[in-house]
Each structure stands twice: as structure tokens, then as C-alpha cells.
Amino acid sequence: MIVKKNNQYAVECQTKLANDCIQNGEYFDSQEDALDWVESECWIDSGEGWICTKCNEQILKNLGKMRTDRGY
């Protein structure tokens, strides 16, 4: 999701799972520049929004823990 603040645009993290999630990317004058920034920062496009790298790490840790807990 793109957020607008003071006529600038940033991409919002979809999940906000990690304690150190930045929640919003950097603000830019255009939506295209905001999207370029998250792509260059390796955020994950989920198809429904963008997931920051910190939240992606947390998701992977949760999946690993779930597999361990279930004995896989």
C-alpha cells in the first residue's frame, strides 16, 4: 500500500510482524520513486502489498519454528 504524507509517497509494510519493522519505506515525491526504493531495498512483493526485509526474516523464522515444533 502506498501512503501519502505532506505530498510525498512511501510504501507501507503489509505485515508489520517484526519488532524492528520500519513500517514505511522512505518518502519520495512520486509513487514510482517510492516503489523503486522498496524494490532496491529487496522488499518482497506479496501480490497484495510489500513486506519489508525485517518482517520477511521474521516470517521465515516462524516457519522454521513451526516445522521444528511439528517434527519435520
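**Briefing on a predicted protein model**

At 40% relative accessibility, glutamine 23 counts as partly exposed, because the partly exposed class lies between under 20% for buried and over 50% for exposed. This residue belongs to a predicted model, in which the secondary structure comes to two helices and four strands. Along the sequence, these elements follow the pattern β-β-α-β-β-α. With a radius of gyration of 14 Å, well over the 11 Å that the globule rule gives for 72 residues, the protein is more spread out than a compact globule.

**Overall form and contacts**

- The C-alpha trace of the protein spans about 50 × 20 × 20 Å along its principal axes.
- Of the 72 residues in the protein, 26% are buried.
- Among contacts with a separation of 6 or more, 40% are between residues 24 or more positions apart.

**Surface and charge**

- The protein exposes about 5,200 Å², and 45% of this area is supplied by carbon and sulfur atoms.

- Strand S1 covers residues 2-5 and strand S2 covers residues 8-11; the two pair in the antiparallel sense over four bridges.
- Within this pairing, lysine 5 stands opposite glutamine 8 in S2.
- Two residues lie between the strands of the hairpin, where asparagine 6 takes a positive phi near 50°.
- In a regular strand, side chains alternate between the two faces of the sheet.

- Most residues other than glycine have a negative phi.
- Asparagine 6, although it is not a glycine, has a positive phi of about 50°.
- The place of asparagine 6 is the loop between S1 and S2.
- Asparagine 6 has a relative accessible area of 70%, so it is exposed, the cut-off for that class being over 50%.
- Glutamine 23 is also a residue other than glycine with a positive phi, in this case near 70°.
- The loop that holds glutamine 23 runs between S2 and helix H1, which covers residues 31-40.
- In terms of accessibility, asparagine 6 is exposed, whereas glutamine 23 is partly exposed.

Key:
Residues are numbered from 1 along each chain as its sequence is written. This is a predicted model: local features need pLDDT of at least 70, side-chain atom pairs count only at pLDDT 80 or more; totals for chains, interfaces and linings use all residues. Side-chain values use heavy atoms; hydrogens and water are left out. Two strands pair if DSSP finds at least two bridges between them. The radius of gyration is taken over C-alpha atoms; the globule rule is 2.2 Å times the number of residues to the power 0.38. Buried means under 20% relative accessible area, exposed over 50%, partly exposed in between (1.4 Å probe, protein chains only). Contact means heavy atoms within 4.5 Å. Accessible areas come from the Shrake-Rupley method with a 1.4 Å probe; for residues, only the protein chains shown count as cover.
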